[in-house]
Every structure is written in structure tokens, then in C-alpha cells.
Amino acid sequence: GGNPILPGRKSQNFGGYFVGGGLEVMLRSNFFLRGEVRYADYGEEISNSGSFNGVDYIDREDAEIVTARLGIVYKMGRDEHPLAPAGLKDGGDDSEHTYKVVTINGVDVSNDAWSIYSFSAFALNGDFNRDGLIFRTFGVWGEYSYRTSSVAGTQKVDVDDGLADVMLGYQKVFSRFTAAAYIGMEVRDIDDSPFDPTNSLRGTETGFKVAADLESNDDERIYYAIDGSYSTAFDSFSGHARIGLNTGRFVIGPEGWVFSDDGDTSWRVGGFAKMPFMLGPTRAAEISVYGGYQFVEDDDNGVGFSSHGGEGAYGGAALQIAF
């Protein structure tokens, strides 16, 4: 820690607390999917102090660290555990496989911005086709840049933006659609370089988060989906809606988005296409692509930017796997 232009110590020890949690689900035989999230807060400490050219100085650090891990684990020394026949429930037949884990990984690109994201959901009752509790995690890492004007002139600001959440929710399966609602916690860290005093999106915040989603069933001719979330970390809101024609082999149609971070708002209008396929006999997959135009609301200084980039084209792709 410390100011790089002032003399001081090269290292500092911090003390504090951490909280964390994880979930492990057996995939097949001795293979397990394991997810963990840990948050550490080391409090505020003086990392550097002294005098330089007759000026006294003090540097304070408020150290917070968030780590998230998702991986495949193989446990040695255990007997092999073959899965029951696919779909074998209450003595029934094996004509339908039950899915208990869904993962979505993708990339998003817009004007002067890019991000990668990863979503995982776990049916705690072991079957996404039935009502029950859902545990989910979501993580995003991205970078964006913008230009700001001041008395010193115009300069480019580069921003690193990362977030992670852990949430618990309940899913209700209806005859034509499935709906779910979640509550949990989000941690978000935003760093700008060089320092921009006009940008309020900076630092690390931990907040309460709520989310909800609704999606039509696979056999519906008209596909529809809507999801949204709100976090007290940086007062962030996001919403996403899609409607499309389901041909059985693919789905295509228009989409709309809205994002708001601490008052900076952007909208997207575009289209999407997605195609389902199988990865082996029991793993259902889906690849989707999307794109369109992003509109960004100017801030009080006349700068049009958001954490999702500037005004212009956007696009992305994602891979979903259920097993």
C-alpha cells in the first residue's frame, strides 16, 4: 500500500474476518462439481506515514477481497458411484433424464467495452423439472473505457469492473412456463485509471440483491423470457426480455435490455437466435448469439458511457449446458 511517489514501507499486514460458502454436486461416478465464494474484510489500516519535504502524510487502506471458484473435482479412494438410469423416479421408467445443474458461460462486446460472464444454478431437489429450492452463482469480469473532459483537457479513462453474487431462490414449474425468485448478496469491485473524480462508480461495495426470471417451456411455439435483478451495491438494476418463434430446431426473435448503475442508464434493442443440441445422451446444451444497438444516457457532464460501454453496436454469444 502507500503513495508510490512518497517513501514508505513495501508491505503491510492486515487483520480481519472472512465469510464464505460452497456447494458440491456429484456429476457422475467420482466426479463432482464444486463452487465456492469467499469474502474477506481486513478493515481500515494505516499502510504508510511520515514526512517528505516538510509535508506530513498518512495513507490509509481499506482492504477487501472477494474470491470465487468453480471447478470439477475427482475424489480418489472412493467406490465408483454409477448414476441411476436417466429419469428413474419413484420406480418409473428411464424415458426422461432429470437435470440438476445448469451452467451458462458467455462473452459480451459493445462500444469500448467487453466482458465475460459465468452463471451456475443447482436444483437442490435434484430435478429442474419440479418445484423446489435453487442455489445460484453469477460472476462477471469486464473492462470499458471512456473519455472525460476537464480544465486539464480530454483524457481516456480505463475501468476494470468485476462482480460476484451468491443467491438462494425458489422455482415454480407451471404448465406453460417456469418462474423463479432469488435473494442473496453481491460484491462488486470497480477500479478506474487514471482517477476520475466525476465518476461515482469506483471502489468495492457489498450489497443485498434480489432477482427473478420467467421462461416458457421448451415445447411452446412462441418462446418468451424475462429476467431482472437489483443490487444495493452501486444501486444497480438490470432487465432483459426476449420473445421469439420456436421452430423446434432453433428460436429466433427480438430482445431488449436495460441497465442502470448509480444513475448511469443504457438500453439495448436487438435480436437473438439460439439452437439446442445434445452433448452425449444425457447432457442438453444450447448455443445462443445476439446483437443490436445500445443507447446510452449522457451524464451531467455530457459524457455518454456506462459500465456496459458507449453508444453503438453490441453483440455476444453464450453456451448453456444442463446435466
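Me: Before we dig in, what counts as a salt bridge here?
Reply: A side-chain nitrogen of Lys or Arg has to sit within 4 Å of a carboxyl oxygen of Asp or Glu. Keep in mind that this is a predicted model.

Me: OK, how many salt bridges does that rule give?
Reply: The count comes to 13.

Me: Let's take Arg 136. Which residue does Arg 136 form a salt bridge with?
Reply: Asp 165, with the closest N and O atoms 3.0 Å apart. The two are 29 residues apart, and the pair links distant parts of the chain: Arg 136 is in strand S6 and Asp 165 in strand S7.

Me: Why does Arg 136 count as buried?
Reply: Because its relative accessibility is 9%, and the cut-off for buried is under 20%. Asp 165 counts as buried too, at 2% relative accessibility.

Me: What about Asp 165 and Lys 209, how far apart are the closest N and O atoms?
Reply: They're 2.7 Å apart, in another salt bridge. That pair also links distant parts of the chain, with Lys 209 in strand S9, 44 residues from Asp 165.

Me: And is Lys 209 buried or exposed?
Reply: Buried, as is Asp 165.

Me: Switching topic: what does Arg 188 meet in a salt bridge?
Reply: The side chain of Asp 261, at 3.0 Å from N to O. Arg 188 lies in strand S8 and Asp 261 in strand S12, so the pair ties together parts 73 residues apart in sequence. Both Arg 188 and Asp 261 are buried.

Me: Which residues do shared partners join into one network?
Reply: Arg 136, Asp 165, Glu 186 and Lys 209.

Methods
Residues numbered from 1 in each chain as written. Predicted model: local features only at pLDDT ≥ 70, side-chain atom pairs only at ≥ 80, totals over all residues. Heavy atoms only, no water. Helix = DSSP H or I, 4+ residues; strand = E, 2+ residues; numbered from the N terminus. Buried < 20%, exposed > 50% of the residue type's maximum accessible area, 1.4 Å probe, protein only.
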